[in-house]
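Got the model open and want to walk through it together?

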Amino acid sequence: MSRLRLPLGVLGLRTLPLGVLPFLALMFVWDLAVITGWAPESHIPRPWKVVTTFFEQLVVPFAGNTLPLDAATSLGRWATGFALGALIAVPLGLVMAWVRPIDYVVTPAFEILRFIPPLAWVPFAILWFGIGAQASAFVIVTGVLPPVLINTYFGARAVPRAFVDAARTLATPAHRMFLEVLMPAALPVVVGGIRIGAGLGWMSLIGSELIAVRSGLGYKIVIGMQTFRPEFVISGMVAIGLIGFAIDVTTRRLERRVLLRLGQTA
Amino acid sequence: MSSVQFRSVVKRFAVGDGELTAIDGISLTVPGDTFAVIVGPSGCGKSTLLHMVAGLELPSSGEILVGDKRVTGPAPDRAVVFQKFALFPWKTARENIAFGLRNLGVPPAEREATVHHYLELMGLEGFGDRFPHQLSGGMQQRVAIARAYAVRPRVLLMDEPFAALDAQLRVVLQENLVQLWTREGGTVLFITHSVDEAVYLADDLVVMTRRPGRIKRVLDLREVSARLGWRKRPIEEVMQDPEYLHLKAEVWRNIKEELAP
């Protein structure tokens, strides 16, 4: 019963997900608040204005670029930072889990560093890399790294002993133990971390764009604020939410496929 | 096939500040080509004993010899069938069975032939390309047995292999195992806490005391098993046999004496 039957043939939809209803309710209450003057229009625009602004921006530039262009810029930064963060975090997590001395040296420092939010790294990002893509990539890495590293570490440590024992009794050489036993056994948890890291990376990217760069969705929001155009701020926020959602759906799909390939039911 | 000798084997584990003696001086010889079953109350150290033969644990003192070679670590001449199967979930049945053979550098053609042989023998034709989670518990355990047998171990170690299966399936697999063993031979060390299973399967039935584990007695069932043709008859028939029931009762008495009040 999660779908509502409505005459939606015009839109090419046979059913409408029930989840849309709260959105419509929110829009209604929001509009009501503005019309009645409870929330002045200088502070919050009417919903339709946001909608039209959103679609207008698909072709008309604001703060230098159109919305798709800024979204592409942001996504590109995110992809760089995310790939970089994952490429550092996965090997580091495995080494921390399986090499005792490194575990002793690195883990305590990491336990403290991981609580520093990505935004707190922005000043250093600017100081070290200047304003630009490198700085924002660095900030994204600080967001991606902790969840991926933590999951990799615990996934690698929690490999069931039975698998290792079975492999040991079957004369498994070291490289095969690593590639065909330890890695696939740890992978489901690692991939879970990668999914969380992808989302957190996206969120920290926007934080970095508020300060460290001159383009992208975050920058659009800043300009919207500075020019007192809240409809641009909100349409930027909507774009961020939609893309974040798309990232999560994609990585979730990927996770399920990996789990299936590893013979585990998701 | 190789004999297994336990020479004054002791195993202690560190527990908190103290020590726990799991195995307290076991000396025993299992001759080659014997199906030896070790039965005992829970926690008597029988699994520890098996893990020591596998080389996954080492004795605190004493030694274990397989053939004339002292056990110093795991090796495929002592393949193990684990209680929870321990199949690699990311490998198909075929890949699981072939895994040890690949490690040993068996050429692909020969590997394929061996895998095919055991799939057929275990009644798994047509299931070779399934992943473990696509197989029933009984089939999974058959794959695990095939994986262990495929590397041609000198001794096959089975650690309560049927404990995780339901009673009906267990009976089928016991029969299956007897057929396999009759055909393939070898020395088998089989751990169980099921007296039914022990009496049906054993040439040598070793009864252990409660912890710290020692040997309470060893029964030689070769004569009775051969005379009554247990291994050639269906298990439900054997389980009605008066001599089988008598032996079972006797082993039960021995174990009951060891159960904590």
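What follows is a set of questions and answers on this predicted model.

Q: Which element of chain B has the highest mean pLDDT?
A: Keep in mind that this is a predicted model, so let's start with confidence. Chain B averages a pLDDT of 91, and 99% of its residues score at least 70. Among its elements, helix α8 (residues 235–238) of chain B has the lowest mean at 86, while the highest, 96, goes to helix α2 (residues 93–103) of chain B.

Q: What ipTM does the predictor give the complex?
A: There are two scores for the complex as a whole. The pTM comes out at 0.81, and the ipTM is 0.89.

Q: How many residues of the side of chain B that touches chain A are nonpolar?
A: Chain A puts 17 residues into the contact and chain B puts in 22. On the chain B side, β6 (78–81) and α2 are the elements that give two or more residues. Sort that side by residue type and you get two charged, three polar and 17 nonpolar.

Q: Which strands stand at the edges of the open sheet in chain B?
A: Four strands of chain B line up in the order β2-β1-β4-β5, with antiparallel pairing. At β5(B), two bridges make the join to strand β4 (residues 61–66) of chain B, and one bridge pair is B:Leu65 with B:Arg70. Each edge strand has a single partner, so one side of each is left without a neighbour in the sheet; these are β2 (18–30) and β5 (69–70) of chain B.

Q: At roughly what angle do the axes of helix α3 and helix α6 of chain A cross?
A: Two packed helices are described by the angle between their axes and the distance between the axes. The contact of α3(A) with α6(A) has 22 nonpolar, six polar and two charged residues, and the crossing is right-handed. For helix α3 (residues 67–98) and helix α6 (residues 133–157) of chain A, the axes come within 6 Å and cross at roughly 35 degrees.

Definitions and conventions: Residues numbered from 1 in each chain as written. Chains lettered and ligands numbered in written order. Predicted model: local features only at pLDDT ≥ 70, side-chain atom pairs only at ≥ 80, totals over all residues. pLDDT = per-residue confidence, 0-100. Contact = placed C-beta atoms within 7 Å. Nonpolar A, V, L, I, M, F, W, Y, C, P; charged D, E, K, R; others polar. Axes fitted to C-alpha atoms, helices over the stretch in contact; angles between N-to-C directions. Left-handed = near helix turned anticlockwise from the far one by under 90°. Pairing = 2+ DSSP bridges.
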